[in-house]
Amino acid sequence: MLLLRSRSVHLFLVLDVVQSVSLARYKIIPFVTHANVTNNSAFINATVEIIATASENRINFDFTVAQPIYGPRLTVVLWLDLAAGALQAPFYNQTIDVCSLLKNPGAHRMVLLVYRELRRHGTLPTGCPIPVGLYKFRGISTNQMRLPPFFTQSDFMVDIIGLTSMTKAHTIDTRWYGVINYVKCIAADRC
């Protein structure tokens, strides 16, 4: 019996190593197909351009803040389609205080994936209230947004809703559609 237990433990270890090795050659990334933006022109006017090729996405995102936004919040809701043909209950549903996000972006791990790319490709506000001005983000790459390995290949939809704490008004409503892909790494990629 002891010999059988010993072999089963080794088998589990071997299976676990094989699975880890096979996933190590792939990166899990979102591929955005299209987005809908609804502006509240009293607060924000935004535009989105998605440039898609067979292997990657590039996103250009501009927004103009018309008046200072006090107490900004974002509601982020992620739905996944897990082969059922219909979206399931939200996988991720969080309301985030933007002021605390700007001070400590690591507190929201899923949002941090997008925050890093925004910071690389444009200028983010540095504090609150969000000041009046034009904010441009050019060439945001979804290939750099590495998702955790528990994500499966599936369609997704993300709602990002901007709110103010003062009036609870919607400043912007966006809906992003796409696919989560496993992409084989090449020598130049960080996997």
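## Aromatic cluster

F61, F63, Y135, F137 and W176 form one aromatic cluster. The model is predicted. Eight aromatic pairs are counted in this structure.

One of them joins F61 and F137. Their ring centres lie 6.4 Å apart and their planes meet at 20 degrees, so the pair is stacked. Planes under 30 degrees apart count as stacked. F61 sits in strand β3 and F137 in strand β6, 76 residues apart, and the pair links these distant parts of the chain. Both F61 and F137 are buried.

## The F91–F150 pair

The rings of F91 and F150 have centres 6.2 Å apart. Their planes are at 35 degrees, so this pair is tilted. F91 belongs to the loop between β4 and β5 (92-97), and F150 to the loop between β6 and β7. The pair therefore ties together parts 59 residues apart in sequence.

F91 has 41% relative accessibility and counts as partly exposed. F150, at 56%, counts as exposed.

## The cavity

The count gives one cavity of 30 Å³ or more. The largest cavity holds about 1100 Å³ of space. Its lining has 42 residues. L74, V114, L118, I160 and W176 lie nearest its centre. W176 is also a member of the aromatic cluster.

The largest share, six residues, comes from α3.

Technical notes
Residues numbered from 1 in each chain as written. Predicted model: local features only at pLDDT ≥ 70, side-chain atom pairs only at ≥ 80, totals over all residues. Heavy atoms only, no water. 1 Å grid on protein atoms, 1.4 Å probe; cavity = no way out; pocket = protein on both sides within 12 Å on 5 of 7 lines; lining within 4 Å. Points joined across faces, edges and corners; volume = space filled by probe spheres on them. Helix = DSSP H or I, 4+ residues; strand = E, 2+ residues; numbered from the N terminus. Phe/Tyr/Trp six-rings, centres within 6.5 Å; stacked < 30°, edge-to-face > 60°. Buried < 20%, exposed > 50% of the residue type's maximum accessible area, 1.4 Å probe, protein only.
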